[in-house]
Structure formats: C-alpha cells, structure tokens
Amino acid sequence: MELVELMKKRFSARKYEDKQIPKEVEDYLIQALKWAPSGKNTQPWKFIFIKDNEIKERLKKACKGQKYVLEAPLVVAAIGFPEDSYPAMGGYWNAITVDVSIALTQMMLAAKEKELDTCWIGAFYEKDVKEILEVPENGMVVSLMTVGYSSQERKTGRKDESEIICYEKYS
Ligand SMILES: Cc1cc2nc3c(=O)[nH]c(=O)nc-3n(C[C@H](O)[C@H](O)[C@H](O)COP(=O)(O)O)c2cc1C
C-alpha cells in the first residue's frame with residue numbers, strides 16, 4: 001500500500017481486541033523507533049513497552065481513566081530527556097517533543113503497516129506516569145501510545161488542502 005493511503009487508513013483506535021502482538025511485529029516497531037531522526041542525532045529518548053495488566057491498570061488511572069489503555073495489548077510510553085536533546089531549534093526552543101514525536105509517528109505508521117491500530121495519549125498526569133514507570137527525574141513523559149488490533153473505523157476528517165497549504169509566502 002502507498003504510504004499516504006496507509007496514513008489515510010490510520011485512525012485513533014479506542015477499543016481493542018483481545019489479541020496479542022507477535023514478537024516479530026513488536027521487533028519491527030522497535031526498528032521504526034530506533035531509526036527515527038533527531039536533532040543532531042542525539043536520540044534523546046527511551047521507549048517503555050508495557051504489557052503487564054497491573055501496570056496498565058495503574059496507567060489507565062494516570063491517563064484520566066481512558067479505558068482502552070488497559071484493553072490494548074501494548075502501551076508504549078515515550079520518554080524524552082531534554083538535557084540530551086538539541087536545545088536551540090530556531091535559536092529558541094528545545095527539540096525534545098519534536099524528536100520523540102517523530103519516533104512515535106514512525107512507530108504508529110509501522111504498526112498500521114502490520115495491521116495494528118494505535119492511539120496517541122496526551123491526556124495523562126505526568127507525575128503519576130513517572131512514578132508508575134519509575135522514570136528518572138530528568139525524564140519527561142512526552143506521550144503514551146496504545147497499540148493493538150481494533151475493528152473500529154476512522155470517524156474523523158481533515159481540513160481542506162486550500163486551508164492548510166500556501167505557496168511561496170504566507171497567505
Ligand atoms: C498529541 C496528541 C494527543 C492525543 N491525546 C489523546 C488522548 O489523550 N486521548 C484520546 O482518546 N485521543 C488522543 N489523541 C487522538 C486525537 O484525538 C486524534 O488523533 C484526532 O482526533 C484525529 O483523529 P484520528 O487520529 O482518528 O484521525 C491525541 C492525538 C495527539 C496527536
């Protein structure tokens with residue numbers, strides 16, 4: 001399938017089947033994370049793969065009760081280390097969230113290629129997630145992502161190209 005077709009098929013899955021992810025597919029996702037670009041190739045991240053139900057139950061609470069966190073066979077917590085990342089994007093901001101988001105996006109698309117669905121989780125209490133996963137003080141929980149098989153379908157659309165693209169100068 002062409003990459004853009006795959007992107008159009010992807011959606012945020014909030015209900016998952018009770019089906020485990022094969023080890024070779026998990027390894028494929030790890031490669032997608034590993035080969036992501038980062039500012040100055042700092043690779044300022046660590047990805048925690050969580051399958052244990054007790055930990056997922058606690059994470060569900062830390063993710064404001066979002067039920068599918070427990071349902072998904074895999075939750076990936078993306079931890080960034082701002083001290084290690086490129087500190088001056090455009091001369092004024094730290095690249096950490098961009099770096100980690102690129103890696104997670106690569107994993108999200110690799111997952112879709114393997115017929116897995118995902119959901120970004122931005123609604124979480126960082127302090128609680130850090131405590132549950134024993135993330136060191138200098139780590140930052142950038143996002144979590146559920147991964148699994150879903151029979152849901154896309155519900156969302158997107159803005160028209162004319163609203164988001166302009167040429168040569170801003171207009
Ligand atoms: C940074 C970010 C944080 C998000 N956080 C959540 C979340 O906490 N819970 C949730 O159900 N969806 C979350 N989403 C999913 C978005 O709501 C979803 O991508 C958007 O509505 C478009 O829908 P689609 O992904 O199905 O196309 C998040 C997405 C992004 C990119």
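A residue is called buried when its relative accessible area is under 20%, exposed when it is over 50%, and partly exposed in between, as found with a 1.4 Å probe on protein chains only. The structure is a predicted model, in which local features need pLDDT of at least 70 and side-chain atom pairs count only at pLDDT 80 or more, while totals for chains, interfaces and linings use all residues. Residues are numbered from 1 along each chain as its sequence is written, and side-chain values use heavy atoms, with hydrogens and water left out.

The interior may be considered first. In soluble globular proteins, nonpolar side chains tend to be buried together. A nonpolar core is a set of buried Ala, Val, Leu, Ile, Met, Phe, Trp, Tyr and Cys residues joined through side-chain atoms within 4.5 Å. In the largest such core, which has 26 residues, the members that touch the most others are L29, F47, M107, L116 and V147. At least two residues of this core come from each of α2 (23-34), β1 (45-50), β2 (74-80), α5 (96-113) and β4 (140-148); here helices (H or I, at least four residues) and strands (E, at least two) are DSSP runs, numbered from the N terminus. Helix α5 supplies the largest share, 9 residues.

L116 illustrates how such a member is surrounded. Apart from neighbours within four places in sequence, L116 is in contact (heavy atoms within 4.5 Å) with I21, V25, L29, A111, V147, G148 and Y149. There is also a second, separate core of 23 residues, with C119, F124, V129 and L144 among them.

Charged residues come next. Side chains of opposite charge can pair when their charged atoms come close. A salt bridge is a side-chain nitrogen of Lys or Arg within 4 Å of a carboxyl oxygen of Asp or Glu, and by this rule the model contains 6 salt bridges.

One of them joins K15 to E71, with 4.0 Å from N to O. This pair links distant parts of the chain, 56 residues apart: K15 lies in the loop between α1 (3-9) and α2, and E71 in helix α4 (residues 68-71). E71 is partly exposed, at 32% relative accessibility.

Another salt bridge connects D27 and K23 at 2.8 Å, N to O. Both residues lie in helix α2, 4 residues apart, or about one turn of the helix. D27 is partly exposed at 31%, whereas K23 is exposed at 54%.

In helix α3 (residues 53-62), K60 and E57 are 3 residues apart, and therefore about one helical turn separates them. Their side chains meet in a salt bridge of 3.5 Å, N to O. E57 has 28% relative accessibility and so counts as partly exposed.
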